[in-house]
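Q: I would like to learn how to read pockets and helix packing from a model. Please take me through it step by step.

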Amino acid sequence: DGEKPDVLYAHFSLYAGFAAAKIKEKYKIPLMTLEHSSYLMSKSIKKFEAKCLGDVVKASDCFAAVSIGLKQAVKEHTGIKNKILVIPNMIDDCFTYYPKKKHDVFTFLAIGNLNARKRFDLLINSFCDAFSQDDLSVQLIIGGTGEQYEKLKDMIYRAKRSNQIHLLGKISRDESLREYINCDCFVLPSSSETFGLVYREAMAVGRPIITTDHGGFSKDTWNSSWGMIIPVDNASSLIEALKYMRNNINEFDNLIISKECLQMHSSKVIGEIIESKLDEVRIK
């Protein structure tokens with residue numbers, strides 16, 4: 001009908017945010033941008049991409065990143081220090097508290113894209129070092145698909161751990177929820193993350209996690225009641241964390257983990273934050 005929108009809301013600076021910035025410039029429409037891109041956490045971002053990113057930050061009436069680590073990366077790429085907020089990702093409402101089921105086998109769960117950044121190879125090797133081949137009271141379930149699937153499958157076969165380590169392949173959201181419910185602990189030793197949604201999904205269900213200081217979590221904001229945070233690419237720390245969780249899982253209160261996670265990341269909480277920021281941008 002020819003009327004302009006009250007506000008533009010863009011996800012990812014490259015390149016939806018850049019296009020929105022051009023529309024703002026032409027039509028004088030306020031702009032909010034929410035940045036999620038894991039690419040910005042890398043050192044391989046090109047000069048013209050950094051310039052585009054900086055242009056989006058400057059053009060946005062509100063610019064937010066989904067984690068402290070991503071905020072820091074944007075600051076480093078653009079040199080802009082005072083304009084960037086943090087608004088976390090939201091968790092789907094299906095991920096909510098489920099009491100842990102009683103079972104004889106302790107289950108570690110990992111879900112993610114099977115690529116080098118997620119360090120599934122480190123996880124498999126560390127699991128094999130932490131637990132003996134004959135210990136069938138503990139298992140590792142891995143959900144996901146990707147470029148390293150065959151490599152990881154071969155690692156498990158060569159280590160003779162097919163009875164303890166299981167690759168599920170691609171899984172749906174409903175299947176992910178079922179695996180979270182059935183596991184005792186979620187573990188993923190990623191080298192970098194913009195946010196780390198799968199960790200929060202597991203926490204929302206009420207399961208402790210083993211994570212790394214990968215950017216999606218920060219030691220400055222970490223709460224030890226959620227699980228364990230270890231250095232990136234540190235096999236000995238991961239081995240010790242796996243052993244500790246196996247032997248001390250009852251130290252962690254599943255209900256508290258779920259409540260604290262949902263207080264920060266539920267769709268209601270994050271939705272209200274975003275709506276508030278959009279209103280602020282609209283009436284400027």
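**Pockets and a packed helix**

A: This is a predicted model. In the second largest pocket, the lining residues comprise nine nonpolar, six polar and one charged.

Q: Which residues lie nearest the centre of the second largest pocket?
A: Rolling a probe the size of a water molecule over the atoms shows where empty space is left. Here, 16 residues line the second largest pocket, and Ile68, Arg200, Gly216, Thr221 and His265 are those nearest its centre. Two or more lining residues come from each of α7 and α9 (254-265). The space in the second largest pocket is about 230 Å³.

Q: How much space lies in the largest pocket, and how many residues line the largest pocket?
A: The largest pocket holds about 620 Å³ of space. Its lining has 28 residues, with Gly112, Asn113, Leu197, Val198 and Glu201 nearest the centre. By class, 10 of the lining residues are nonpolar, 11 are polar and seven are charged.

Q: Which residues of α6 are buried?
A: Buried means under 20% relative accessible area. In helix α6, which spans residues 173-182, the buried residues are Ser176, Leu177, Glu179, Tyr180 and Ile181.

Q: What do the buried residues of α6 pack against?
A: Their partners are the strands β5 (106-111), β6 (138-143), β7 (165-169) and β8 (185-187), together with helix α7 (197-205).

Note on methods. Residues are numbered from 1 along each chain as its sequence is written. This is a predicted model: local features need pLDDT of at least 70, side-chain atom pairs count only at pLDDT 80 or more; totals for chains, interfaces and linings use all residues. Side-chain values use heavy atoms; hydrogens and water are left out. Buried means under 20% relative accessible area, exposed over 50%, partly exposed in between (1.4 Å probe, protein chains only). Helices (H or I, at least four residues) and strands (E, at least two) are DSSP runs, numbered from the N terminus. Contact means heavy atoms within 4.5 Å. On a 1 Å grid over the protein atoms alone, a cavity is a set of points where a 1.4 Å probe fits but cannot get out, and a pocket is an open set with protein on both sides within 12 Å along at least five of seven lines; lining residues have an atom within 4 Å of a point. Grid points are joined across faces, edges and corners, and a volume is the space filled by probe spheres set on the points. Ala, Val, Leu, Ile, Met, Phe, Trp, Tyr, Cys and Pro count as nonpolar, Asp, Glu, Lys and Arg as charged, and the others, Gly among them, as polar.
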